Amino acid sequence: MTLACGPVTFRIGSDWAAPIKALDALYSDYPKPQSTIPHFTVRLEATRWWRRWIAPSIAISGDFRLPEVAPLALGMGLLAAEMAMNLQVALGDRRFLLIHAASVEKDGKALILTGESGSGKSTLAAMLALKGWRFIGDEFALIEPATGLIYPFPRPTSLKNDAIAAILALAPADRFGPLLRDTPKGDLRHLVPPSDAIARMHEPARPTLLLYPRFGAKAAVRDVGKAENFVRLTQASTNYVALGETGFQALTRFVSDVPAIAVDYPDSATAIRTVNRLWKALG
Amino acid sequence: MMDARHLAKALADPPYVLGLDDRGWAALLAMAQAERLAGSLAVRLDGLPIPAVAREVLRNALVTAETGRIRALWEAEMARRALAPLRIPVILLKGTAFVAAGLDAGRGRLIGDCDILVPRDRIAEAEAALLAAGWEWVKPDPYDDTYYRTYMHELPPLIHKDRDAMIDVHHNILPPTARTGRADAAALIAGAMPLNEGLFTLSPEDMLVHAAAHLFADGDLAGGLRNVWDIDRLIREHAEIEGYWQRLVEAARRHGLVAHVSRALRLTHHLFDTPVDAFLAYLPRRSDVAFMSRILARDRWGRETQKALRFAFYVRSHWIRMPSLMLARHLWTKWRTRQRSR
Amino acid sequence: MAENQDRPDGVANTDRRALMLGIAGASTVLTIKPALAQSTGSVLNCQIPVPDPGRTGMYIAADGMTVAANTPGSFPPAMRPFTGEQVKRALRGNTLPGTTYQQSQAYLNYIRRLQAGQSGFTCFASLQMPGR
Amino acid sequence: MMLRYAAPPPGACLRDEAEGLTLLYHRASGQTHILIEPAPHILDALADAPMTEGELLATLAAAFEVNQAEAVGERLAELVAAGLVSTS
């Protein structure tokens, strides 16, 4: 099958029908690409030929491969497909400076949330997207070096563990994928972005504020200096070094133009209040 | 059933791609990535009116190749700096040599490790200087180490501790245990061509002999298509030089690799329509067909096909490198190590 | 962070800017490394702490989750970080050095659960890169 | 024989300043370095012409009040290891 999200088209092949069926359902809202030529080919393969039928076990493969990734059970086909797609982009894309971050937009300006997994950035972005912001993306911020603009890559958000119930309370039930229990990342459920985010997935935004959220800590706000920000973003990027000079220019421009603030928060209500306050303060 | 001939055609005859439909493009791009030839394909298709997505994919590959080129040249430069005080000449091999010399074969090519050749009698000094300059052993595995030092034509691989880059320091292009070939290292060094400040490449003919040796003698033909593409590019660039074929015949004889070079010429002629010298290419052999099938074993998803054939070539890759008693001992030791660690 | 040295130092008898050539215990050059290392070498030499420094002192359950110290059935933190090479071998069926079989499995499960941003994640991810 | 040290000429690097640190992209290596004082000044001094350690110290002393001059060798070694300074 072929599916497109923002500026990236994937071709996905599988030794089984189930993962493709699950993907088809999850991406049913996304318009089909005009051309079926893919940027990346993704393959979900049986680890051994007989593993197609007996204790099926999925290996993630594709143009850019993970030969030793721990294989996943067939029930986790959706997770495997999503991981494989992310990996292709992380390793293969050179059109954009990729930052591991979630982003939302308002009035053409993008708010970017980066930081470690478990920092709560995905949950926060999903919540903001349900409160009047346009969802830009959850996994990668795609920054175009020539313009400094961020391009949407609004893939389904993978909600984990406690975040599932928190968002279930806010979003319509038909936007959720199946619940995947006991994955290597715990319980996992995909949330399809609001239809507006999908409809506008070719509309870039201007990066305006970068936050480093950290969940679980006492509420605190701290400016992140340019040098610290630069170094942290090189480590949050999957392709900074691979882009060479272009990467340096794009990133120095980004850290010069976009203020960065570290936000510690004890609960999502505090986080959202803080985000709104910081956003307003920008004027 | 589609195989990598699809990719070979696009490389050899770029207008071929103008007739492709979306499915044909999807297959071409996946095969090019799998064979590590996407950058080379990008160079070949440059300027043709191709679909936007294909252009973007190939552009990605070119950026990757360019970053790799800078990195490879930098590793060569750092090796040169480390060895310069000893006045050891550094002869670049394979991909690094192609880009350093600005050859067509280097355009868009992905480069793995930095491969250099130094005189055998100076290899201990070179090793010490590299270790002092921040390179480290990749594997402190005593069996592998002894194996390399006793039977191989290179030091065990070194890696730079800060730059995460590997360097293979060769003293010859073939292992001394190889069943065929007896590459004359002194002649390789005597014929080397200066680049700039202490860096050298092999002569055009030795470069081709090495590419042929590398294609057949040094591996199980995985990635073989790229090696044959190197050979095509080298021949097309160098064959114009007066006396090239004659010197190539002499070099192949000197290194005992006439059969390798001969087969390499037949394969590249067959795959890429490379103009080759009929005398040296000689007559097709029945086994050429197996080599061809092995090299082209890719489906439209970029997957390897022909499992049995691949296994045969894998066994062959060990077989040709060492006499059978040694091979048995090697496989036995590897097997024992695996058992013990269970 | 470097201190602002624009002020003329009281000790100095000129008004030229002071330049300290001595730096205690630090280097004046920091080189950015790729977050996703692509070469085999970094894979072999990179390190994976179990658990990561953010969870120092916690134990590792059989399923790889971090749990409170001394939880029954869990294993104490690893004494020192594992290298990419050790983890690679362990994924192929060896045990991690200095561990029992079950301890090794628990640690490996922990490592498999690593996510971007956690210490050791990029090492583990690099371990899974395609060959050069 | 006295070692002479040389730094890349202007144009061989891209530079950006941040809070007293220098972000430096070195075109020849493709590497990004974060430089702390006095490294940027040493690179500037050596970019014009190769110098011995003594000549470098004299050049720096002409522009700055140099403290702990004995550490200059260490600073040069760091820059040599990073490939930003070459010796001849």
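**Interface of chains C and D**

Author: About 2300 Å² is buried between chain C and chain D, and carbon and sulfur atoms give 57% of that area. Buried area here is the accessible area (1.4 Å probe) that two parts lose on being put together, summed over both. In chain C, the residues that lose the most area to chain D are C:Leu19, C:Leu21 and C:Thr28, together 34% of what that side buries.

Reader: What should I know about the source and the numbering?

Author: This is a predicted model, in which local features need pLDDT of at least 70 and side-chain atom pairs count only at pLDDT 80 or more, while totals for chains, interfaces and linings use all residues. Residues are numbered from 1 along each chain as its sequence is written, chains are lettered from A and ligands numbered from 1 in the order in which they are written, and side-chain values use heavy atoms, with hydrogens and water left out.

Reader: How many residues does the contact take from chain C and from chain D?

Author: Chain C gives 19 residues and chain D gives 30, where contact means heavy atoms within 4.5 Å.

Reader: How many salt bridges are there between chain C and chain D?

Author: The count is one. C:Arg17 pairs with D:Glu37, and their closest N and O atoms are 2.6 Å apart. A salt bridge is a side-chain nitrogen of Lys or Arg within 4 Å of a carboxyl oxygen of Asp or Glu. On the side of chain C that touches chain D, strand E1 (18-20) and strand E2 (29-31) are the elements that give two or more residues. Helices (H or I, at least four residues) and strands (E, at least two) are DSSP runs, numbered from the N terminus.

Reader: Which residue does a cis peptide bond join to D:Glu37?

Author: That residue is D:Pro38, with omega about 5 degrees. D:Pro38 lies in the loop between strand E4 (31-35) and helix H1 (39-48) of chain D. Another cis peptide bond joins C:Val50 and C:Pro51, with omega about -5 degrees.

Reader: Changing topic, is B:Lys94 buried or exposed?

Author: B:Lys94 is buried, because its relative accessible area is 18%; buried means under 20%, exposed over 50%, and partly exposed in between (1.4 Å probe, protein chains only). B:Lys94 is in helix H5 (residues 94-100) of chain B and has a positive phi of about 50 degrees although it is not a glycine.

Reader: And C:Asn70, buried or exposed?

Author: C:Asn70 counts as exposed, because its relative accessibility is 61%. Its phi is near 70 degrees, again a positive value in a residue other than glycine.
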